[in-house]
Amino acid sequence: MSANAVYLVLIAALFSTGVYLVLDRSLTRVLLGVLLISNGVNVLILAVSGPAGGPPIVGVTPFEDMSDPLPQALILTAIVITLGVASFFLALTYRSWVLDSREDVLDDDEDVRVATQQRLEDSDSDVYGQEGTG
Amino acid sequence: MVSVLLPLPVLIPLVGAGVALVLGRRPKAQRLVSLVSLTAVLATAVALLVLVDREGPSSLEVGRWPVGIGISLVADRLSVLMLTVSATVTLGVLVYAVGEGIIDGARGTPVSIFHPTYLVLTAGVSNAFLTGDLFNLYVGFEVLLAASYVLLTLGGTAARVRAGITYVVVSLISSFFFLVGIALVYATTGTLNMAQISVRMAEVPLEVQTVVHLVLLIAFGIKAAIFPLSAWLPDSYPTAAAPVTAVFAGLLTKVGVYAIIRTETLLFTDSSMRTVLLVAAVLTMVVGALGAVAQSDIKRLLSFTLVSHIGYMVFGIALGSQQGVAGALFYVAHHILIQTALFLVVGLVERRAGSTSLYRLGGLAATAPLLSLLFFVPAMNLGGIPPLSGFIGKASLLQAGVQDGGPLAWLGVGAGVLTSLLTLYAVAKVWNRAFWRPADEKPVVPGDTDVVDRLDRAGAHEPDVATAVTIGTPGAADRAAAGATITAAVTTPVADEGDASAPQEGPQPASRAMWGAALGLVSVTLALTVAAGPITRVAATAAENLTRPEVYVVAVLVTGEEQG
């Protein structure tokens, strides 16, 4: 089986632009990136499904000329799932906008607090190690 | 018999979810539907466990399509063991959630959405455990993930939306890896039936196998939260509602671990990722435990121990020996139960004291002795204190590592001991601060009169709940379930009285069903210690089957032929 260069270039372009967008902090861009990657994956499934052929209907196309129907079913399923999750993600983004007037990936406050804490200011400091007790 | 029971763990919760959705305006009926569905799933799972353990693996071709065209459902010892443990946990958490819902009513949590979503989550988990088809495994994952997105962001508060966004994006990325893996598997073997893949993968060149193998491992590694793919977990889990965090922590990562076990023992028997997995296991254990030590919030601390203990399971899988896999299986069962129990107890702590921050807690051992005991026992279990089940699991894994004798295996043994100590240190820190320390030493003292006030307000419902619980059957988990069923039938939800103005923060009362669920799950973890013998035997037989993938292959392909 020889690889189709058009598919390969297309997949590479979709993946790379998708990854670039996902790395952004803006949620809309992240969503666009996710959608691009998902399309890249779908094209990949199509690319590995073998050479193109006639519609896989018995009586219409001889068996040898049929294209493989299974990958197309897989792609359909993947598209539907991605659609559902993408709409949920959009709803979350909108919710974030309503709550904070922001649509960025926000920092976890507790994470920042743990990262910047010196030690718990408390009487039983021996539980937390000796640094800074002097 | 097995083939009749096989689709039920998937079908019952799905049908139940539909019914529960229709009954959205009738909370009592909805609770009843959920409880009945999950009890039925648990009964089916136990029946499957007994049957499969006696008769060996069995499979069902859905719709009688021939193998390779249709989807196979397969019950071998591994999948039914996982199914039974997960059914126990989901039922226990549901009882807790029902108890919480009765008190909270509509406040903060739209309960009418909770039940259908929770049942869909259960169906997804069951499907993932039972399927014999790689793409169906993907669908199972997506079903449970989609449900988990909704559960994690239930109520749509700012903190949950923030956590939910990270969680959704990370899960999506891992699903894309999985899809790419599926595409590559289909390209190399021309099938997605796991038994057929297992046979045909042997003829694929080793370099190609390695690539496909790695892609799938990355996908499952994200889901199982293996370092360095674990950063999303402590970030997203702690913000969710207590029962949601409990079931996520117990189950979802273990579905990833289950998929890794299948990948290693069934799909890729030639190409070995031993070294990669061993190194990842060591790093996961140590980094997770160190993260836990640094935390000052109990929920976050437990999330880090969750990541850390995934390392033990990966260690056992990576060893690849029969004893290693058996140890990993026992540890999975132990850890699902223990982690869920701990998160439920922490949910009770949060209700009792109004916080899970170690800055604000104190003196709980004096004011809430039963709660302290409920925390202490599973916490020590998690740390691996003998004779509890955590010790048994860790000991058999370390033994398997010593038997292996390689330098990396010894490194894993060392990391396992170190992690056990660090975990013990982390939970001891929680114990010292939140429970043992005298209440007057803590910086902030929540008003005790406040607690009494709220208890009085909820007091109206106490008699109903009390009579309900005393009618129960013997066995703590059963009793809790029975109690909650009756409770669900007789108690009027607080929502009707309109308590929407009450603040989320601060102490709130806990219902008997919540106590029952937490107590029940802690008892199950103790029962696991007592019943370690039979469970170890099942795990050993399961591992023995796993080291010989032909058992699975024959069960699927030959049974499929007979049916077709």
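Angles under 35 degrees count as roughly parallel, those over 145 as roughly antiparallel, those from 65 to 115 as roughly perpendicular, and the rest as oblique. This is a predicted model, where local features need pLDDT of at least 70, side-chain atom pairs count only at pLDDT 80 or more, and totals for chains, interfaces and linings use all residues. Residues are numbered from 1 along each chain as its sequence is written, while chains are lettered from A and ligands numbered from 1 in the order in which they are written.

**View 1. Helices α6(B) and α7(B) pack against each other.** The two axes come within 10 Å and cross at roughly 175 degrees. Axes here are lines fitted to C-alpha atoms, for helices over the stretch in contact, and angles run from 0 to 180 degrees between N-to-C directions. The pair is therefore roughly antiparallel. Contributors from α6(B) include B:Phe135, B:Tyr138 and B:Phe141; those from α7(B) include B:Tyr167, B:Phe178 and B:Ile182. By class, this contact has 14 nonpolar, three polar and two charged residues. (Ala, Val, Leu, Ile, Met, Phe, Trp, Tyr, Cys and Pro count as nonpolar, Asp, Glu, Lys and Arg as charged, and the others, Gly among them, as polar.)

**View 2. Chain B meets chain A.** Here 30 residues of chain B are in contact with 32 residues of chain A. Contact means C-beta atoms, placed from the backbone, within 7 Å. On chain B, α6 (134–152), α7 (158–189) and α18 (407–436) each supply at least two residues of this side. The most come from α7(B), with 14 residues. The side of chain B that touches chain A has 17 nonpolar, six polar and seven charged residues.

**View 3. B:Ala518 sits among its neighbours.** Not counting residues up to four places away in sequence, B:Ala518 touches B:Tyr96, B:Ala341, B:Leu344, B:Val345, B:Leu348 and B:Leu374.

**View 4. Strands β1(B) and β2(B) pair.** Helices (H or I, at least four residues) and strands (E, at least two) are DSSP runs, numbered from the N terminus. Strands β1 (residues 58–61) and β2 (residues 72–75) of chain B run in the antiparallel sense over four bridges. Pairing requires at least two DSSP bridges. In β2(B), B:Ala75 is the bridge partner of B:Ser58. In a regular strand the side chains alternate between the two faces of the sheet. On β1(B), B:Ser58 and B:Leu60 lie on one side, B:Ser59 and B:Glu61 on the other, and all are buried. (Buried means 20 or more other C-beta atoms within 10 Å of the residue's own, with C-beta atoms placed from the backbone.)

Conventions
Two residues are in contact if their C-beta atoms, placed from the backbone, lie within 7 Å. A residue is buried if 20 or more other C-beta atoms lie within 10 Å of its own, exposed if 12 or fewer, and partly exposed in between; C-beta atoms are placed from the backbone.
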